[in-house]
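Have the structure open as you read.

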Amino acid sequence: MASQADAFRVPALELPYELISKIFLNCLPRSRRVIPHPRRAPLHVSQICAQWRTVAIATPELWSSVYLEFLDAKAYYGIPILFGVPGAEAVDSDHHTADLLDLWFTRAGHYPLSISLICSKVCNELPKGVLGVLSAHSQHWGRVELQVPMTDFLVFNLITGPFPLLQSVGIRIMDYFNPFSSLRINALHSSPNLSALVLRGLSNNLAPPSLASLAAIPPTLTALQIAAPQWSLEDLVEISERLPHLRHLNLCTGGLWTINENASNRFMSPFQSLSLVSHNFHFLDNCDPSALEHLEVRLYHHAFPHFLGNLLLRMESHLTHLTLEVVDMKHSDLIAYLSAAPSLISLELMFHLGSDSVHGEERMRVLRRADLLPRLRTLRITDPARKPIYAQFLALLTARPMLMAAELRMWSPHPQIRRRMPPPPLHVIADLKILVASRPGFVGHVY
């Protein structure tokens, strides 16, 4: 017979502290971007009982990430339970956010901090004191993501470092198109272990940095997302040589690039992923494709260049993810490109300026071919055809039983065409549901 003491036992409280701590860590989001909320970890687990609160506070990794988004008000309404007062009302003051952030970072101990401060509107600014807290903990920055107006960035840029733990920097300036064109970015000069850099301006466009900032990028960088409207091919080759570990490049270029003999005989780093928005792809002939697995090309020009075809043919069939956004493409060109990439697992096609449904139907017939892309598992298509091609898309899904995710989006840049585009008919929706039910794990959408 169970004793009276056994009746009041709580097995969860008898677990070792180390095990409870690991369980708490598994409650964090996979992205490790923690939004303070009373019903989510780490705040939720820290208010269950005194013992769990002690374990949570003594687990610094629980507090090493914070994501704060500032909407209409300057003050962040915060979570009073962070201060051990579960029944308190939210405090609406500029100082509250800074205090919350300081205590959060203090609990993180010496763990590298993952910090996201997002102003959702151009007119917003960070609450008073927040940038001062960031400065006080700059020795422990691990990842910094800022979406702020220029006034806040200029204050942030006064923090000179050093930043020994900083590995990732993402900055978007809300109210300038080219905010970094004449600025020295101190975070680049004092971060010897930086591995990822993203610079964006107004409207979320990639923003070109100043030449001084480019020269300061440490050679440890592995991922870079910037605009480079004035770069020549030689500039890109030189950057590649100065960054020998660069494997992921997202680049938005300007007009036609100049070519010289010195650059044309030199090759860029063997990228693992490459994303390009450009009017000229001469440098693809200078790209070493030996390690390229992910390729994204966005070309806003009527003549799709032969450079991409040459690159695919040189890749020795190991490209697994391909995204193409083009103004127009003949179905014969599409066949040539897909034939050169038989190892594709994921394909995204975005077409523009289609005049009628003929081109869309031709593309569907090409994609149905059994001899193309035998390993394809994910397919996303954005098509501007004036008439919907839902039926042809369903026929494509039926012809490719190995697909596990597929999506068709009927969209045109012309408002009149979008308004006249009918939604998927009920019989198409019904047929898609039958297909989904018959293929375990398959996800399909048409709209």
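## Around strand β2

L68 stands opposite L117 in β2. (Pairing takes at least two DSSP bridges between two strands; strands are DSSP E runs of at least two residues and helices H or I runs of at least four, numbered from the N terminus.)

β2 itself (residues 113-119) is mostly covered, with 7 of its 7 residues buried, meaning under 20% relative accessible area with a 1.4 Å probe, protein chains only. L113, I115, L117 and C119 point one way, while S114, S116 and I118 point the other.

## Two helices crossing

Helices α2 (residues 17-26) and α3 (residues 50-57) have axes that come within 10 Å and cross at roughly 75°. That makes α2 roughly perpendicular to α3, a label for angles of 65 to 115 degrees; axes are lines fitted to C-alpha atoms over the stretch in contact, with angles from 0 to 180 degrees between N-to-C directions.

Y17, I20, S21 and F24 of α2 meet Q51, W52, V55 and A56 of α3, contact being heavy atoms within 4.5 Å.

## The model

This is a predicted model: local features need pLDDT of at least 70, side-chain atom pairs need 80 or more, and totals for chains, interfaces and linings use all residues. Residues are numbered from 1 along each chain as its sequence is written, and side-chain values use heavy atoms, without hydrogens and water.

Key:
Parallel < 35°, antiparallel > 145°, perpendicular 65-115°, else oblique. Buried < 20%, exposed > 50% of the residue type's maximum accessible area, 1.4 Å probe, protein only.
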